[in-house]
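Here is my note on the model, in numbered points. Please read it beside the structure.

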Amino acid sequence: MSRITFYEDKNFQGRSYECSSDCADMSSYLSRCHSCRVERGCFMVYDRSNFMGNQYFMKKGEYSDYMSMMGMSDCIKSVRMIPMHRGNYRMNIYEKENFGGQMHELMDDCENVMDRYRMSNCMSCNVMDGHWLMYEQPMYRGKMMYMRPGEYRNFMNQGMNGMRFMSMSRPPRRVQDYKSEEGEIGRSQVFLKLSHGQQG
């Protein structure tokens with residue numbers, strides 16, 4: 001079972017809240033959050049409630065001062081648990097909103113949709129199997145978004161109005177990926193990239 005514990009203050013001090021599933025509004029449990037510890041599994045955290053705003057990927061590890069580490073200007077407001085998927089991965093990506101323009105089926109990581117498909121951007125998608133991380137820039141950099149199975153005619157409902165994505169990857173898929181010694185963070189800002197491929 002996945003588990004993450006949030007703390008009011010830095011260095012795991014103050015009141016805490018333990019979570020093993022999705023939480024749309026952290027303020028119901030903590031008035032603030034300045035550190036967290038991922039004991040098992042992987043999570044996506046958001047700087048706005050209801051899974052909106054900038055998104056950050058966290059896997060097993062200790063984050064004694066995550067705001068300083070990531071340059072965040074606000075605390076974590078909501079969190080999603082990323083389940084470990086053991087089956088196939090399949091997603092259709094589209095060049096334009098509402099499933100318009102070019103369409104390509106994706107079944108593995110793609111570091112650059114322009115190089116692979118000659119597609120200038122991705123502005124809608126249909127996730128059929130598995131869970132995906134999508135990135136604003138090639139090589140898994142820039143703002144990112146966690147995608148669960150479903151149809152996404154645009155990314156407005158995720159707080160990413162007009163956003164386009166240029167690379168996609170699958171979250172950790174092996175048990176050992178959930179057991180790294182140190183936590184790694186995917187920064188959803190351009191100036192601090194996700195360290196893709198540096199699995200524990």
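1. Which side chains does a polar contact of 2.6 Å join? They are those of His-131 and Tyr-146. A polar contact is a pair of N or O atoms within 3.5 Å; within protein, one must be able to donate a hydrogen and the other to accept it, and residues adjacent in sequence count only if both atoms are side-chain atoms.

2. This is a predicted model: local features need pLDDT of at least 70, side-chain atom pairs count only at pLDDT 80 or more, and totals for chains, interfaces and linings use all residues. Residues are numbered from 1 along each chain as its sequence is written, and side-chain values use heavy atoms, without hydrogens and water.

3. His-131 lies in the loop between strands S8 (124-129) and S9. Strands are DSSP runs of E, at least two residues, numbered from the N terminus. His-131 counts as buried because its relative accessibility is 12%. Buried means under 20% relative accessible area (1.4 Å probe, protein chains only).

4. Tyr-146 belongs to S10, where it stands opposite Leu-133. S9 (residues 132-137) and S10 pair antiparallel over five bridges. Pairing requires at least two DSSP bridges between two strands.

5. The open sheet has three strands, ordered S10-S9-S12, with antiparallel pairing. S10 (141-147) and S12 (167-169) are the edge strands, each pairing on one side only.

6. The largest nonpolar core has 21 residues. Among those with the most contacts inside it are Met-91, Met-134 and Met-147. Such a core is a set of buried Ala, Val, Leu, Ile, Met, Phe, Trp, Tyr and Cys residues joined through side-chain atoms within 4.5 Å.

Terms used
Helix = DSSP H or I, 4+ residues; strand = E, 2+ residues; numbered from the N terminus. Buried < 20%, exposed > 50% of the residue type's maximum accessible area, 1.4 Å probe, protein only.
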